[in-house]
Amino acid sequence: MTLLLVSIIEILVGGAVLYAAATVVRVDLTFKETVIAAVVAAGLALIPVVGWLLSLIGLFYVLYHFSLAAFPNLVLLVLVSRLFVVFLGMGLTSALS
């Protein structure tokens, strides 16, 4: 049950952060597309050992498929979104402790 709850939160927060990062990087994506990309990334991340790598590959593939942006823009999009997630996680951790 906890894994399901964490996955749902990761998908919603990941989609929102990807959408915010897409507006910062100026990649044309809708919120629905970013949530779909977050679902794919979260699903692949559940695979033991290689899930984190498959998650990144799947995220790049889905974002490229939806946006047709250049590869450097996608790298920047993923880096910006992951930095947002790290800062958000640090803020939540400090707020809950």
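Predicted model: local features only at pLDDT ≥ 70, side-chain atom pairs only at ≥ 80, totals over all residues.
Figure 1. Phe60 is partly exposed, because its relative accessible area is 22% and the partly exposed class begins where the buried class, under 20%, ends. Its partner is Phe71: the two residues form an aromatic pair with 5.8 Å from centre to centre and 35° between the planes, an arrangement classed as tilted. Phe60 belongs to helix H3 and Phe71 to helix H4 (residues 71-96), so the pair ties together parts that are 11 residues apart in sequence. Phe71 has a relative accessible area of 56% and is therefore exposed.

**Figure 2. The aromatic pair of Tyr19 and Phe31.** The count of aromatic pairs comes to two. In the pair shown here, the ring centres of Tyr19 and Phe31 are 6.0 Å apart and the planes stand at 85°, so the pair is edge-to-face. Distant parts of the chain are linked by this pair, since Tyr19 lies in helix H1 (residues 2-25) and Phe31 in helix H2 (residues 31-45), 12 residues apart. Tyr19 is partly exposed, at a relative accessible area of 35%. Phe31 is likewise partly exposed, at 41%.

**Figure 3. Helix H1 and its buried residues.** Helix H1 consists of 24 residues. From its first C-alpha to its last, H1 reaches 33 Å, which is close to the 34 Å expected at 1.5 Å a residue. The buried residues of H1 are Ser7, Ile11, Gly14, Gly15, Val17, Leu18, Ala21, Ala22 and Val25. These buried residues pack against H2, H3 and H4. Tyr19, which also lies in helix H1, is partly exposed.

Figure 4. Val25, a residue of H1, is buried.

**Figure 5. A nonpolar surface patch that includes Leu54.** The patch covers about 740 Å² and is made by Ile47, Val49, Val50, Trp52, Leu53, Leu54, Leu56 and Ile57. Leu54 is located in helix H3 (residues 51-67), the helix that also holds Phe60 of Figure 1. The relative accessibility of Leu54 is 33%, and the residue therefore counts as partly exposed. A residue must have over 30% relative accessible area to belong to a patch, and the value for Leu54 is 33%.

Technical notes. Residues numbered from 1 in each chain as written. Heavy atoms only, no water. Patch = residues over 30% accessible without salt bridge, like charges linked within 9 Å, V, L, I, M, F, W, Y side chains within 5 Å. Areas by Shrake-Rupley, 256 points an atom, 1.4 Å probe, with all protein chains shown as cover. Salt bridge = Lys/Arg side-chain N within 4 Å of Asp/Glu carboxyl O. Helix = DSSP H or I, 4+ residues; strand = E, 2+ residues; numbered from the N terminus. Buried < 20%, exposed > 50% of the residue type's maximum accessible area, 1.4 Å probe, protein only. Phe/Tyr/Trp six-rings, centres within 6.5 Å; stacked < 30°, edge-to-face > 60°. Expected span 1.5 Å × (residues − 1). Contact = heavy atoms within 4.5 Å.
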